[in-house]
Amino acid sequence: MRSIQIACRLIVFSLLLAACQKVDYDKTVTGEGIESGNFRIQSPTTASTIALNAATPAAPVVIRWTAAKPGVDKPITYKWIAVKKGEDITKYTYELPADNDGKATTLTITQEKLDLYLFSKGVPDNGTVELLWSIQASNGETQVLSQDQFLLTVSRFTDGATPFTLYGPE
């Protein structure tokens with residue numbers, strides 16, 4: 001009887017010992033994520049309209065957003081992406097890199113350059129395009145979109161009028 005108890009204890013001990021084997025996990029880095037929790041568009045707000053003016057071609061158009069939190073090793077670059085209203089934003093046809101080679105959280109482009117860009121994408125002279133747009137953050141492996149997708153109407157150059165102030169009685 002005593003030998004049976006000892007044998008049972010040895011079996012239980014052997015099972016516990018076998019169950020506690022060390023697992024050798026693979027610690028090879030296989031990718032790096034981007035935290036997009038606070039990655040939001042700041043301006044222009046949704047449903048904004050930008051009317052490009054031939055009289056002020058050097059006037060800047062500025063788009064701003066908050067930064068996405070990078071992973072451990074890889075820096076993030078940003079680009080403005082857009083599609084015509086009603087299309088799938090993941091299949092964007094319009095894209096412009098952010099300032100400072102994509103590293104800044106702003107995109108600054110002159111009205112003239114934006115007009116030429118829209119012309120290169122097939123928007124006719126004096127034409128208007130309604131865009132669904134967002135900002136894409138990328139670290140080379142992972143791409144995420146801002147939490148926001150805004151609508152923007154852009155009118156290409158028309159007959160330019162110099163900005164002026166009207167003085168006189170109301």
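Here are a few questions and answers about this predicted model.

Residues are numbered from 1 along each chain as its sequence is written, and side-chain values use heavy atoms, with hydrogens and water left out. As the model is predicted, local features need pLDDT of at least 70 and side-chain atom pairs count only at pLDDT 80 or more, while totals for chains, interfaces and linings use all residues.

Me: In what order do the three strands of the open sheet sit?
Reply: Strands here are DSSP runs of E, at least two residues long, numbered from the N terminus. Two of them pair if DSSP finds at least two bridges between them. The edge strands, β1 (41-43) and β6 (106-110), each pair on one side only. With antiparallel pairing, the order is β1-β3-β6.

Me: Is Q136 buried or exposed?
Reply: Q136 belongs to strand β7 (residues 128-138). Buried means under 20% relative accessible area, exposed over 50%, and partly exposed in between (1.4 Å probe, protein chains only). Q136 has 11%, so Q136 is buried.

Me: Which residue forms a salt bridge with R156?
Reply: A salt bridge needs a side-chain nitrogen of Lys or Arg within 4 Å of a carboxyl oxygen of Asp or Glu. Here the closest N and O atoms are 2.8 Å apart. R156 sits in the segment after β9 (150-155), and its partner is in helix α2, 41 residues apart. That partner is D115.

Me: How far apart are the closest N and O atoms of E141 and K74?
Reply: E141 is partly exposed at 40% relative accessibility, and K74 is partly exposed at 31%. The two form a salt bridge, and the distance is 2.5 Å.

Terms used: Helix = DSSP H or I, 4+ residues; strand = E, 2+ residues; numbered from the N terminus.
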